[in-house]
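Have the sequence and the 3D view open as you read.

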Amino acid sequence: MAKSDSDSRKKGKQTRTKWIITIFLLTIAISATISFCSTQLMAVSTMAVAFIILLTIVLIGIIFDIVGVAVTSADEKPFHSMAARKVPGAHEAINLLRKADKVSSICCDVIGDICGVVSGSASAAIVTQILTNFDFSIPQLISLGMSALVAGLTVGGKAIGKGFAIGSSTAIVHTVGKVIWSFGYLFHKKEK
């Protein structure tokens, strides 16, 4: 009995270590990709487009935070009924719920935090454009205002999103399940 407990703990530790390494590398890859793309877009964008890019990055962070919270608060039971009736996305929703810790980590920590960092960089690029195009006597005030605006939008959006995610967790998880199902359906349809 003691040997199987030891083996089980060892396997669990190896699984956690593998997950930590995977999430670390995934974060680096996603962060580098998003940072590179947003930097390239910001460099050639007008100020209006730069603001739209910034708001899009903040919105992506909020949406993924909503999904992460919904997955951790949803109940699996309604999806079993849907799966029995072959409702598209139900099986995918069950898989999301069974891996809620990992899904939440990716959505809230990886994507959410990366969007936070990238939105900070994007706001710095906008501040640079503002200071280049306009004459301000106190440039620090523009930088401080922009940072405060981005932080307010991010934190306020996530606060609103968390309440929505908890109250509508089943609908949100089912919607994400349908999106995953749709991609799988399209992928399998192209293979045939």
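Start with α6, where I142, M146, V150, T154, G157, K158, G161 and A165 are buried. Buried here means under 20% relative accessible area, exposed means over 50%, and partly exposed is in between (1.4 Å probe, protein chains only). The helices themselves are DSSP runs (H or I, at least four residues, with strands being E, at least two), numbered from the N terminus. As background, an α-helix has 3.6 residues a turn, so residues three or four places apart point the same way. From its first C-alpha to its last, α6 reaches 43 Å with its 29 residues, close to the 42 Å expected at 1.5 Å a residue. That expected span is 1.5 Å times one less than the number of residues.

A quick word on what you are looking at: this is a predicted model, in which local features need pLDDT of at least 70 and side-chain atom pairs count only at pLDDT 80 or more, while totals for chains, interfaces and linings use all residues. Residues are numbered from 1 along each chain as its sequence is written, and side-chain values use heavy atoms, with hydrogens and water left out.

Now for charges. Side chains of opposite charge can pair when their charged atoms come close. How many salt bridges does a search of the whole structure find? It turns up 2, counting a side-chain nitrogen of Lys or Arg within 4 Å of a carboxyl oxygen of Asp or Glu. One of them joins K162 to D65, with the closest N and O atoms 2.5 Å apart. K162 sits in helix α6 (residues 139-167) and D65 in helix α2 (residues 47-73), so this pair ties together parts that are 97 residues apart in sequence. K162 is partly exposed at 35% relative accessible area, whereas D65 is buried at 5%.

E76 and R98 also meet in a salt bridge, at 3.0 Å from N to O. Since E76 lies in the loop between α2 and α3 (77-84) and R98 in helix α4 (residues 90-98), the pair ties together parts that are 22 residues apart in sequence. E76 is partly exposed, at 22%, and R98 is exposed, at 54%.

R98 leads us on to how α3 and α4 pack. Their axes come within 8 Å and cross at roughly 150°; axes are lines fitted to C-alpha atoms, for helices over the stretch in contact, with angles running from 0 to 180 degrees between N-to-C directions. The two helices are therefore roughly antiparallel, a label for angles over 145 degrees. On the α3 side, F79, H80, M82 and A83 make the contact, and on the α4 side A90, H91, A93, I94, L97 and R98 do. Contact means heavy atoms within 4.5 Å.

Between α3 and α4 is a loop that holds K86. K86 is exposed, at 72%, and its phi is near 60°, a positive value in a residue other than glycine. Most residues other than glycine have a negative phi.

M42, in helix α1 (residues 2-43), is buried at 5% and touches A50, I53, A122, A125, I126 and Q129, leaving out residues up to four places away in sequence. S119, in helix α5 (residues 100-133), is buried at 1%. Setting aside neighbours within four places in sequence, S119 is in contact with L54, I57, V58 and V150.

Terms used:
Angles under 35 degrees count as roughly parallel, over 145 as roughly antiparallel, 65 to 115 as roughly perpendicular and the rest as oblique.
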